[in-house]
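Please look over the sequence and the structure below before reading on.

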Amino acid sequence: MPEISQRAASLGTENAFVVLAEVNALARQGRDIISFCIGQPDFPAPENVQQAAIRAIKGGKHGYTPSAGIDELREAAARYMAAMRGGLPIRPEDLVVGAGAKPFIAYAILSTTDYGAGDEVIYPNPGFPIYESQIVAHGARPVPIHLHEARGFSFDPAELERLITPRTKLLILNYPHNPTGGLLSRKELEEIAAVLKKHPQVWVYADEIYSRLAYSGQFFSIAQVPGMYERTIISDGASKTWAMTGWRIGLTSNPALAPVFTRWITNTDSCASQISQWAAVEAINGPQDAAEAMKKSFEERRDFIVGLLNQVPGVKCQKPGGAFYVWPNVTEACRLVGAQDSEEFRKRLLNEAGVALLADIHFGSRVPGEGQHVRFSYAASKQAIEAGVGRMAEFIRKNTKKAA
């Protein structure tokens, strides 16, 4: 049997889908599982978006499109992304449409680093696991920058300064953040930009897929800081804002790299689904009532789940600034139930209480001195949230007696 490449063997995964397979296996056995694993809205795409897709199908919009996307979507998305970010000068030709935002993580790394040359990419830890996976797969050196609970899950700009070397080619920022829900403030982004101005060789990949789900004031992009627009790759998309995860529409902008990204798409996907592109035009240009209602619901659920979690024995939970995740500290809860760490706690909670979560190690190496954490996605009904947190509390109470 021929061997697979080292690159393929080293390729990581997204553990939300691994745990989901565990959940589905238990469900097939008849177990009642409440899952908080997958980060996707639990709403349907807005009705006007669905109708636009139907019109596209019936109108014969079935073929390939230009690799960068249809003109109508590039124009709409450029206007939308510019308006969202303080009037940045994003032109349609600066914006590329992809089959979801995730491929642009790879395209950005491929376009700013050379395989095996020792180029370094700094990325948040904890963070979306695909960052590290793609850095390694494309032959760059992953350099984690640790996020700290005491800072609202941001990092110290002085730490960034220490990590940057002449080999640093790319900094990945994600805000609002997956998995913690942390949101970088304008002041923090300006401090980060001040560091980067000393290092003109470093590009920034600004993963802003949750930009419409920022709850603490108006969203601010690092690309809005003077001098940062040209070197920032702004990545957004339709998945989270309009509940279009499976429609696979990503929107990424950079004036210098847009033609490069277009060639990557030609070499990989050819183009995003034409039907989905027409639906995205309607999502952007049409009424925003459904998107705003979803955001309001997520904010209410955030407040609800944070309040409940802070009543659970051994659990402390900060209120996140955006997205639809909470990142409670379960260090004391692990001690109470006799769990070695958050991963053992997660497995026992799933198998003994029927509650599915992700552990901190699913999002990178555990940050030294930060304790144990788990991630809840609160893209779930209030009834599910109440029942799931209730089961967690009962699991801790019951097992505290046993551990004692």
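## The three-stranded sheet

Three strands form an open, antiparallel sheet in the order β9-β12-β11, where strands (E, at least two residues) and helices (H or I, at least four) are DSSP runs numbered from the N terminus, and two strands pair if DSSP finds at least two bridges between them. Because β9 (325-326) and β11 (358-359) stand at the edges with a single partner strand each, one side of each is left without a neighbour in the sheet. Between β11 and β12 (residues 374-377) there are two bridges in the antiparallel sense, and L358 has R375 in β12 as its bridge partner.

This is a predicted model, in which local features need pLDDT of at least 70 and side-chain atom pairs count only at pLDDT 80 or more, while totals for chains, interfaces and linings use all residues. Residues are numbered from 1 along each chain as its sequence is written, and side-chain values use heavy atoms, with hydrogens and water left out.

## The seven-stranded sheet

A further open sheet has seven strands in the order β2-β8-β7-β6-β5-β3-β4, with mixed pairing. Its edge strands, β2 (95-98) and β4 (141-146), each pair on one side only.

Within this sheet, β5 (residues 168-174) and β6 (residues 203-207) pair in the parallel sense over five bridges, and the bridge partner of L173 in β6 is A206.

## Two helices in contact

In α2, the residues V19, E22, V23 and L26 meet R346, L350 and N351 in α13, contact meaning heavy atoms within 4.5 Å.
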